[in-house]
Amino acid sequence: MRWFQFFLVCVLCICAQGQMTPEKWRADLDALAEGLLEKHPNFYTKHTVEQFEDALADLDEKLDTLEDQQIVMEFSRLVAMGADSHTGIGFSDFAGKMRQLPIELVALDDGVFIHSASKQHKELIGQEILSINSVPIDEVIERVGKLFAYENHWKLINAGASFTRLVPSLA
């Protein structure tokens, strides 16, 4: 499985450096689907074959209208359908180019809080986040949780809190 993770990271890094077209993304989408099903021992533990194929078809239809960063997020969502926390998309090259909230969050027993912020937003450190764009923080984290596989609730909460600063993930 580690070979496949490395493959995905390499493909996405190469894509980040070149101009992608919908046709190139479709080729990558086909390779991703084929690779997941060939290399993953039991990809359909949380979703059916039909659900995965529907998700592939939906993304294929939207490729002409999405930005590269959104496509990478959608690829991550597809990989997460396998519910294997050891398989994921390394999209740090794309994340670095995304609009990001100027804060970093941490999930604690009593809520989600700002633990780090840019200089101009330092006064926010320690503040609890109740919602983002009028979406309750629990729902934001649940939505973001569809971008990666997790084995327990705390992994969802902690990884979800860190992913929430990527603006495209809130859509």
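A residue is called buried when its relative accessible area is under 20%, exposed when it is over 50%, and partly exposed in between (1.4 Å probe, protein chains only). Helices (H or I, at least four residues) and strands (E, at least two) are DSSP runs, numbered from the N terminus.

This is a predicted model, in which local features need pLDDT of at least 70, side-chain atom pairs count only at pLDDT 80 or more, and totals for chains, interfaces and linings use all residues. Residues are numbered from 1 along each chain as its sequence is written, and side-chain values use heavy atoms, with hydrogens and water left out.

**Exercise 1. Describe the secondary structure of the protein and the order of its elements.**

Step 1: The protein has 7 helices and 5 strands.
Step 2: Starting at the N terminus, the order is α-α-α-α-α-β-β-β-β-β-α-α.
Step 3: Of the 171 residues in the protein, 39% are buried.

**Exercise 2. Is helix 4 mostly covered or uncovered?**

Step 1: Helix 4 has 13 residues and reaches 18 Å from its first C-alpha to its last, close to the 18 Å expected.
Step 2: Helix 4 is mostly covered, with 10 of its 13 residues buried.
Step 3: The buried residues are Q69, I71, V72, M73, E74, F75, S76, L78, V79 and A80.

**Exercise 3. Work out how helix 3 and helix 4 are arranged.**

Step 1: The axes of helix 3 (residues 49–62) and helix 4 (residues 68–80) come within 10 Å and cross at roughly 175°. Axes are lines fitted to C-alpha atoms, for helices over the stretch in contact, and angles run from 0 to 180 degrees between N-to-C directions.
Step 2: Angles over 145 degrees count as roughly antiparallel, under 35 as roughly parallel, 65 to 115 as roughly perpendicular and the rest as oblique.
Step 3: Helix 3 and helix 4 are therefore roughly antiparallel to each other.
Step 4: With contact meaning heavy atoms within 4.5 Å, F52, A55, L56, L59 and K62 in helix 3 meet E74, F75 and L78 in helix 4.
Step 5: These contact residues divide into 6 nonpolar, no polar and 2 charged. Ala, Val, Leu, Ile, Met, Phe, Trp, Tyr, Cys and Pro count as nonpolar, Asp, Glu, Lys and Arg as charged, and the others, Gly among them, as polar.

**Exercise 4. Which residues does M81 touch, not counting residues up to four places away in sequence?**

Step 1: Locate M81 in the loop between helix 4 and helix 5.
Step 2: M81 is buried, because its relative accessible area is 11%.
Step 3: The residues that M81 touches, not counting those up to four places away in sequence, are F43, K46, H47, Q51, F52 and A55.

Conventions:
Expected span 1.5 Å × (residues − 1).
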